[in-house]
Amino acid sequence: MKVEATLHGDRKVYSVSAFNRGVGSWLARLPTLWVEGEVTELRRQEGWQSVFFTLKDLDDGSCLPVSMPRTTFDALRLDLADGDKVHVYGRPELYEARGVFQLRGLSLEPLGLGAALARIERLKTALAAEGLFAAERKRRLPLLPRRIGLLTGNEAAAKRDFLTAVTARFPAVRVLVAETLVQGVKAPASIAAALEALAAEPDVDVVVVARGGGSFEDLLPFSDERVVRAFATCPVPVVSAVGHEQDTPLCDLAADARASTPTAAARIVVPDERRLREELDRMRTALGRDTRRIVERGRHALAADSLRLVRAPALLLERKRARLDSFAGRLRALSPRATLERGYAIVRTEAGIVRSASAVAPGARLDVELAEGSLGARVEETQE
Amino acid sequence: VSQESEPTFEQARAELERIVAELESGRADLEEAVRLWERGEGLYRLCVSKLDAAEGKIEELSRRAESVRPEH
């Protein structure tokens, strides 16, 4: 914009309005950025176009007037009060009517534990109600991922720790590393986009998000709704290894598994190759042993059968002989032999056994059978 | 990759485990046992060959993420 000056002799003179306009247009070319400070002198009224406050430097108390469209301010639904620490996103401008330099606020984020915690708590409640953290949403991690996606910041430690641990357990592991911003206002969008990009790569079966420890504020992006949703909707299982044991960023709740450190994440995503091979060998040994046992059992059963088969005729004969013997015994018991032994005799004629004296006449020939031997005899007389 | 015909490592290992348990229980008859054993041996060889074939590789994904603009 051309700013008109008038000449007073050799002096170029600007009107206040022209001057302000000139400075204003020059300021308008400066970039939009975030400014951190403490809110003081907050002024908001219904009917006003803008909300005004002064942003005070946290260290030396330098001041910066801020104006922000009231509708934008109200839409944030912040219960902002003097003394709150905030990040204001805006661009410098000149309020030309008054010649006042100010920051034109476009967005604002409250800083500080209290506000951030409250916001996270609200988000947690809302997302939990949506079922985003439900146990039945959790997916099982693959036993042996074809490829692991690793999402880290450019800090060396988390990445190195994970890669060291993962290759120690499974030397032939394939890892696709994506670096992303993990801190600052751009981080949430960056993390979400990188997660999506990683999961879309071929053969990536699981993604590990590794971020070393940091302050509460440092880990805030991992409680950002965009990141939490990206975890939940990721097409492959996500392992969260963000912060330290005591930290619970919301992404941990949406992840399919949580690891306290990048090293612990490595233990979760790949099996120990040596153990895996040992286990396979053990199973193979068991396989052979159990099969042999079943075959052996079959062989034993067969051997027993054949033995019975061989023995069967002899057994049958023996049984028959035993029965025969018992018959013989009974037969013997019935025979008159035993009676003869006691001194009795059997008297026969040619007509048969003599039971009555009248059956024979004197002079008849008798055959007398004794226990031992027999006699030939003649009847002297008979008595009836 | 013909996913239908060849099981993944995980599937193969899980089936091997089932087969071992089945044989261990001693319920299988002789014919079944021999069939299971053959199948188990095949699965074992498949698992080992998959482990042997794996090749370590660490790659970097281009930093597409950083071009993302803030939404304000």
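E41(A) counts as partly exposed, because its relative accessibility is 48% and the cut-off for exposed is over 50%. This residue of the predicted model lies in strand β3 (residues 33–43) of chain A. E41(A) also has a positive phi of about 50°, although it is not a glycine.

**Backbone angles worth a look**

- For context, most residues other than glycine have a negative phi.
- D203(A) is not a glycine, yet its phi is positive, near 70°.
- You can find D203(A) in the loop between α5 (187–200) and β10 (204–211) of chain A.
- With 31% relative accessibility, D203(A) counts as partly exposed.

**Helix packing within chain A**

- Helix α4 (residues 156–169) of chain A packs against helix α8 (residues 262–269) of chain A at an angle of about 35°, and their axes are 8 Å apart.
- The two helices, α4(A) and α8(A), cross in a right-handed sense.
- On the α4(A) side the contact is made by A158(A), D161(A), F162(A), A165(A), V166(A) and R169(A). On the α8(A) side, these meet P262(A), T263(A), A265(A), A266(A), R267(A) and V269(A).
- Sorted by class, the contact of α4(A) with α8(A) has 8 nonpolar residues, 1 polar residue and 3 charged residues.

- Helix α9 (residues 273–334) of chain A packs with helix α2 (residues 30–53) of chain B at about 165°, with the axes 10 Å apart.
- That angle makes α9(A) roughly antiparallel to α2(B), because angles over 145 degrees count as such.
- The crossing of α9(A) and α2(B) is left-handed.
- Residues of α9(A) in the contact include E273(A), L276(A), R277(A), L280(A) and D281(A). Among the residues they meet in α2(B) are L30(B), W37(B), E41(B), Y44(B) and L51(B).
- The contact of α9(A) with α2(B) comprises 13 nonpolar, 3 polar and 6 charged residues.

**How confident is the predictor?**

- For the complex, the predictor gives an ipTM of 0.74 and a pTM of 0.56.
- Chain B has an average pLDDT of 78, and 81% of its residues score at least 70.
- Over residues 64–72 of chain B the pLDDT is below 50, and this stretch has 17 contacts in the model beyond near neighbours in sequence.
- In chain B, helix α1 (residues 9–25) has the highest confidence, at 89, and strand β1 (residues 57–61) the lowest, at a mean of 86.

Note on methods
Residues numbered from 1 in each chain as written. Chains lettered and ligands numbered in written order. Predicted model: local features only at pLDDT ≥ 70, side-chain atom pairs only at ≥ 80, totals over all residues. Heavy atoms only, no water. Axes fitted to C-alpha atoms, helices over the stretch in contact; angles between N-to-C directions. Helix = DSSP H or I, 4+ residues; strand = E, 2+ residues; numbered from the N terminus. Left-handed = near helix turned anticlockwise from the far one by under 90°. Contact = heavy atoms within 4.5 Å. Nonpolar A, V, L, I, M, F, W, Y, C, P; charged D, E, K, R; others polar. Parallel < 35°, antiparallel > 145°, perpendicular 65-115°, else oblique. pLDDT = per-residue confidence, 0-100. Buried < 20%, exposed > 50% of the residue type's maximum accessible area, 1.4 Å probe, protein only.
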